Amino acid sequence: MTTRTDIPEAESAQRRSWLGEHSELGVCVLLLALGVLVLTDALTMDVDITQRGPVGPKTVPVVVGGGLLVIAALLAVDVLRGGRGQAETGEDIDLSEPADWRTVLLLTGVFLGAAVLIEPVGFPIAGALLFWGAAFALGSRRLDRDPLIAAVLSLVTYAVFNNLLGVPLPGGPLMGVL
C-alpha cells in the first residue's frame with residue numbers, strides 16, 4: 001500500500017533520474033549564459049565613431065556570442081532527442097589515474113601572476129614569465145633554453161599585437177626600447 005509520503009519521494013527520484021540522464025543540459029545552460037554575456041558586452045560596447053567600419057571591435061564578439069547561442073540551442077535539441085556524450089577513450093589518457101592537481105594549480109598561479117604583473121611590468125616581461133612558468137608547470141626543466149624561448153615568444157607576440165594588429169599592449173619599462 002502506498003501512502004501520500006511515498007508519491008513525492010517517487011516523483012523526486014524520477015526527477016533526479018531524468019536530470020541524471022540529461023546532465024549535458026548543464027553545458028547548454030552554461031553556453032547560453034556565456035553567449036548572452038558576450039552579446040550583452042559587445043552590444044553595449046562604447047565605440048568611437050572613427051573606429052567604425054565594416055569590421056569593427058564589435059564584430060568578433062557578436063559573432064562569437066551568436067555562435068555560442070546557436071551551439072547551446074543545437075546541443076539542447078540533441079540532448080532532448082536522446083543524444084549522449086561519449087566517455088573519453090583517448091589513448092594517451094589513463095582514466096584510472098587521479099587528476100594532476102599540482103600542474104593545474106601551478107598553471108593557475110602562473111596565469112594569475114601574469115595577469116597581476118602585466119600592468120606594472122608590461123606585457124613583454126609578464127608574457128615571458130607566463131610562457132616560462134607554463135613550460136615549467138608542464139614539466140620542462142631546461143633552464144638554459146626555456147627562458148630564452150619564452151622571452152622571444154613574448155616579444156614576438158607583443159610586436160604582432162602592438163605593431164601589426166594595432167592592439168595596444170602595456171610595454172612597461174621596455175616601452176621606450178620596443
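Modeller: A residue is called buried under 20% relative accessible area, exposed over 50% and partly exposed in between, with a 1.4 Å probe and protein chains only. The model is predicted, so local features need pLDDT of at least 70 and side-chain atom pairs count only at pLDDT 80 or more, whereas totals for chains, interfaces and linings use all residues. Residues are numbered from 1 along each chain as its sequence is written, and side-chain values use heavy atoms, with hydrogens and water left out.

Biologist: What percentage of the residues in the protein is buried?

Modeller: The protein exposes about 13,100 Å² (Shrake-Rupley method, 1.4 Å probe, with only the protein chains shown as cover for residues), and carbon and sulfur atoms supply 67% of that area. Of the 178 residues in the protein, the buried share is 18%.

Biologist: Which pattern does the protein follow along the sequence?

Modeller: Helices (DSSP runs of H or I, at least four residues) and strands (E, at least two) are numbered from the N terminus. The protein has six helices and zero strands. Read along the sequence, the pattern is therefore α-α-α-α-α-α.

Biologist: How are H2 and H3 oriented to each other, roughly parallel or roughly antiparallel?

Modeller: The axes of H2 (residues 25-43) and H3 (residues 59-80) come within 8 Å and cross at roughly 160°, where axes are lines fitted to C-alpha atoms, for helices over the stretch in contact, and angles run from 0 to 180 degrees between N-to-C directions. Angles under 35 degrees count as roughly parallel, over 145 as roughly antiparallel, 65 to 115 as roughly perpendicular and the rest as oblique. The angle between H2 and H3 therefore makes the pair roughly antiparallel.

Biologist: How many residues of the contact of H2 with H3 are nonpolar?

Modeller: H2 passes H3 in a left-handed crossing (near helix turned anticlockwise from the far one by less than a right angle; clockwise is right-handed). The contact (heavy atoms within 4.5 Å) includes Leu31, Leu32 and Gly35 of H2 and Gly65, Gly66 and Leu69 of H3. Ala, Val, Leu, Ile, Met, Phe, Trp, Tyr, Cys and Pro count as nonpolar, Asp, Glu, Lys and Arg as charged, and the others, Gly among them, as polar. On that basis the contact of H2 with H3 has no charged residues and three polar ones, while the number of nonpolar residues is 21.

Biologist: Where does Met45 lie, and which residues does Met45 touch, leaving aside those up to four places away in sequence?

Modeller: Met45 lies in the loop between H2 and H3 and counts as partly exposed because its relative accessibility is 30%. The C-alpha atoms of Met45 and Pro57, 12 residues apart along the chain, are separated by 8.6 Å. Not counting residues up to four places away in sequence, Met45 touches Pro57, Lys58 and Pro61.

Biologist: How many residues of the contact of H4 with H5 are polar?

Modeller: H4 (residues 101-121) and H5 (residues 123-137) pack at an angle of about 175° with their axes 8 Å apart, which means that H4 is roughly antiparallel to H5. Among the residues making the contact are Leu107, Val110 and Phe111 of H4 and Leu129, Leu130 and Gly133 of H5. The contact of H4 with H5 has 15 nonpolar residues and no charged ones, and the number of polar residues is two.

Biologist: How many residues of the contact of H5 with H6 are charged?

Modeller: H5 and H6 pack at an angle of about 135°, again with axes 8 Å apart, so the two helices are oblique to each other, and their crossing is right-handed. The contact includes Phe131 and Trp132 of H5 and Asp146, Pro147 and Tyr158 of H6. By class, this contact of H5 with H6 has 12 nonpolar residues and three polar ones, and the number of charged residues is one.

Biologist: Which residues is Trp132 in contact with, beyond its neighbours within four places in sequence?

Modeller: Trp132 lies in H5 and is partly exposed because its relative accessible area is 32%. The C-alpha atoms of Trp132 and Leu148 are separated by 8.8 Å. Beyond its neighbours within four places in sequence, Trp132 is in contact with Leu143, Asp146, Pro147 and Ala150.
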